[in-house]
Amino acid sequence: MFVEVVSPEESCFTGDATMVISRTPNGEIGILDGHEPTVATLVPGGLTIEHDSQRTSFAISGGILQITGEKVIVLGELVEKIDGDHDKAIEIGQELAKKTFTSDE
Amino acid sequence: MASAELRIINRRIKSVKSTKKITRAMELIASSRIVKAQQRLTSSNNYTNLLSQIVEELTGSGNMPTSPIVEGTKKITLVVITSDRGLAGAYNTNILKLAEIRKAEYEQAKNSVEIVTVGKKANGYFKYRNIEPKQNYEGITDEPNFENALEIMTPLVQEFYEGKTNQIEIVYTEYQSAMTQTALYKTVLPFEVEQIAKEIESVGGYTFEPSASQVLSNIIPKYTNATIFSALLNASTSEHASRMRAMKAATENAEELIKILSRQSNQARQAEITTEISEIVGGAEALAG
């Protein structure tokens with residue numbers, strides 16, 4: 001499936017991937033090919049993409065994830081590429097989130 | 001006498017030449033910055049477009065409906081985006097004029113207007129007219145980044161939810177091309193959330209995590225942040241474009257002036273030589289006589 005990760009400042013990742021791992025208010029989700037169309041809120045934390053049998057992790061301050069038939073779009077406000085695993089990305093992502101305002105409604 | 005005139009003209013030529021150097025340098029700086037600013041604008045447009053695409057797929061229209069102005073007392077916050085430095089042609093004047101018009105319109109409809117300024121020029125303008133801006137941000141407009149957008153937006157959104165302000169509007173310059181930039185205003189908040197939420201649920205087709213209304217209330221701050229960020233980038237690109245144009249014109253004027261002045265200087269020099277020769281000839285004739 002085709003994955004696109006975009007922040008307002010740059011396009012962080014575009015390409016084919018086998019799996020996307022992130023976190024919604026309901027818990028961690030892993031997205032594989034053929035997932036049903038979904039729009040999800042992402043909570044601050046990590047975003048890991050498995051592609052070409054390797055993993056790339058991003059710290060994300062929160063965002064929107066949209067799954068259509070063949071495409072996964074992740075819109076993050078503050079996104080940073082991390083040298084490290086998913087757990088580290090989560091840690092840094094929560095740090096990033098302190099800079100943004102999220103309504104409590 | 002003649003040599004004094006020559007000295008004055010030469011001094012002026014020198015000063016115009018150094019002015020030209022400055023304007024030329026500013027033109028070059030602006031034109032190199034504009035390229036970078038345009039790239040940033042394009043990538044931010046990418047994000048904004050994807051975001052409105054999602055909103056569009058959810059609601060059937062790309063723009064979040066904003067509520068119209070209602071008569072009566074409302075507290076309105078105008079965010080005016082100008083530059084920190086001058087020498088950018090009519091850039092700041094245009095934006096401040098528009099801000100002044102919007103403010104007058106709102107006040108005529110009996111609303112109270114508060115001003116938030118981005119850029120030294122706006123701050124100075126309103127302070128001079130005894131209007132104290134609620135907030136002032138400086139040092140952002142040269143190269144705005146997303147954190148700047150958050151810095152501006154976060155306190156405003158908070159005030160909005162606390163009811164201290166009912167409407168947030170930005171006044172900025174939109175970058176259309178290197179030649180055309182237009183001063184614009186845009187309402188950032190409020191959105192008619194409930195209406196959209198109903199529409200979304202009725203359209204269907206998507207699963208929502210955790211729920212349609214929660215996804216929506218999450219999208220709204222993203223949308224407002226993206227709006228202000230894109231306004232900042234537009235303003236910054238426009239500023240560089242205006243400065244480039246203004247400085248180009250200034251450089252050309254300086255060249256023209258140098259041309260005129262050096263003609264005058266040549267004339268004065270020639271007059272001086274002629275005077276000297278006629279003095280020598282006159283003297284020689286007097287001696288011979």
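Me: In what order do the elements of chain B run from the N terminus on?
Reply: Helices and strands here are DSSP runs (helices H or I, at least four residues; strands E, at least two), numbered from the N terminus. Chain B has six helices and six strands. From the N terminus on, their order is α-β-α-β-α-β-α-β-β-α-β-α.

Me: What kind of model is this, and how is it numbered?
Reply: Residues are numbered from 1 along each chain as its sequence is written, while chains are lettered from A and ligands numbered from 1 in the order in which they are written. This is a predicted model: local features need pLDDT of at least 70, side-chain atom pairs count only at pLDDT 80 or more, and totals for chains, interfaces and linings use all residues.

Me: What share of chain B counts as buried?
Reply: A residue is buried if 20 or more other C-beta atoms lie within 10 Å of its own, exposed if 12 or fewer, and partly exposed in between; C-beta atoms are placed from the backbone. Chain B has 289 residues. The buried share is 36%.

Me: Which residues does B:Val79 contact, leaving aside its neighbours within four places in sequence?
Reply: Two residues are in contact if their C-beta atoms, placed from the backbone, lie within 7 Å. With those neighbours set aside, the partners of B:Val79 are B:Val116, B:Val118, B:Ile152, B:Ile168, B:Ile170 and B:Val171.

Me: How far apart are the end C-alpha atoms of helix H2 (residues 91–108) of chain B?
Reply: The expected span is 1.5 Å times one less than the number of residues. H2 of chain B has 18 residues, so it should span 26 Å. The distance between its end C-alpha atoms agrees: 26 Å.

Me: Within what arc do the buried residues of H2(B) fall?
Reply: The buried residues are B:Tyr91, B:Asn92, B:Ile95, B:Leu96, B:Ala99 and B:Lys103. The arc is that of the directions from the helix axis to the C-beta atoms. Seen down the axis of H2(B), the buried residues line one face, because they fall within an arc of 105°.

Me: Which exposed residues sit on the face of H2(B) turned away from its buried side?
Reply: The buried residues of H2(B) pack against several elements of chain B, including strand E1 (75–81) and H6. The face turned away carries B:Ala104 and B:Gln108.

Me: Which residue of chain B stands opposite A:Thr38?
Reply: Two strands pair if DSSP finds at least two bridges between them. Strand E5 (residues 38–42) of chain A pairs in the parallel sense with strand E6 (residues 207–209) of chain B, over three bridges. In E6(B), the residue opposite A:Thr38 is B:Thr207.

Me: Which element gives the most to the side of chain B that touches chain A?
Reply: The contact takes 32 residues from chain B and 27 residues from chain A. Among the elements giving two or more residues to the chain B side are helix H1 (2–59) and helix H4 (146–162). The most, 10 residues, comes from H6(B).
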